[in-house]
Amino acid sequence: EATDRFGRRAVVTFAFVCMLAGFALAFFVRSAVGVGAGFFVSGLAFGMFEMTLSSILADVVPEHANKVLNYSRLFYALGTIAGPFVAMGLLERFQDWAAVMALDIVLLLALLAIFLRLSYPETVYPNRIEKPETRQPVTFRMLKNGVLIVFSITLMMYFAVEAGLTFYVSQ
């Protein structure tokens, strides 16, 4: 919905800014709450990336969308496996989470620079009829759903406990 209203480039750029802010918070703050808040903000940004980049990839080469998305998932899986080992190596070497966050910030800035130089096709909605907005945005309608709110809070608590345990176990 956000990409329809503001455009893909704006949403992905905002996600980069949010992720950088989350990593910077985790880099500069020396408390578990600060690191958790940084991870929370960067996790929200990751959600924006996940939702937006798949559709961008599918539109870049529509005739090979399945192959492109499969490669995307492959690299996501490899990053999920390799990332913790890289983080553990940095923690072993520097004895500080700041080293991990510094690497994250440098890599993210490089990716942002690459992203800003790329061009890709705008989304075309062949069956869409432009009409004035008469309903509330989907986001606001979802926020009124009690089950979704409880589920979201439960997931946030799970991730907070997981991140907290990871932080304290590694100390």
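Reply: Two residues are in contact when heavy atoms of theirs lie within 4.5 Å. In that sense Phe16 touches Phe49, Leu108, Leu111, Leu112 and Phe115, leaving aside residues up to four places away in sequence. The model is a predicted one, in which local features need pLDDT of at least 70 and side-chain atom pairs count only at pLDDT 80 or more, while totals for chains, interfaces and linings use all residues. Residues are numbered from 1 along each chain as its sequence is written, and side-chain values use heavy atoms, with hydrogens and water left out.

Buried here means under 20% relative accessible area, exposed means over 50%, and partly exposed is in between, with a 1.4 Å probe and protein chains only. Of the 171 residues in the chain, 22% are buried.

One of the contributors, helix α3, covers residues 32–60 and reaches 41 Å from its first C-alpha to its last, close to the 42 Å expected for 29 residues at 1.5 Å a residue (the expected span is 1.5 Å times one less than the number of residues). Its buried residues include Phe49, Met48, Val35 and Ile56.

Ring pairs link Phe49 with Phe16 and Phe115 into a cluster. Rings of Phe, Tyr and Trp (its six-membered ring) pair if their centres lie within 6.5 Å, and planes under 30 degrees apart count as stacked, over 60 as edge-to-face and the rest as tilted. Arg9 lies over the face of Phe115, at 5.2 Å from the ring centre, where a charge counts as over a ring if NZ of Lys or CZ of Arg is within 6 Å of the ring centre and within 35 degrees of the ring normal.

Across the whole structure, a search finds five aromatic pairs. Phe27 and Phe28 form an edge-to-face pair, 4.8 Å centre to centre with 90° between the planes; Phe28 is exposed, at 62% relative accessible area, whereas Phe27 is partly exposed, at 24%. Phe46 and Tyr76 form a stacked pair, 5.9 Å centre to centre with 25° between the planes. Because Phe46 lies in helix α3 and Tyr76 in helix α4 (residues 65–94), this pair ties together parts that are 30 residues apart in sequence. Both partners are partly exposed, Phe46 at 36% and Tyr76 at 42%.

As for confidence, the chain averages a pLDDT of 80, with 77% of the residues scoring at least 70; pLDDT is the predictor's confidence in each residue, from 0 to 100.

Technical notes. Helix = DSSP H or I, 4+ residues; strand = E, 2+ residues; numbered from the N terminus.
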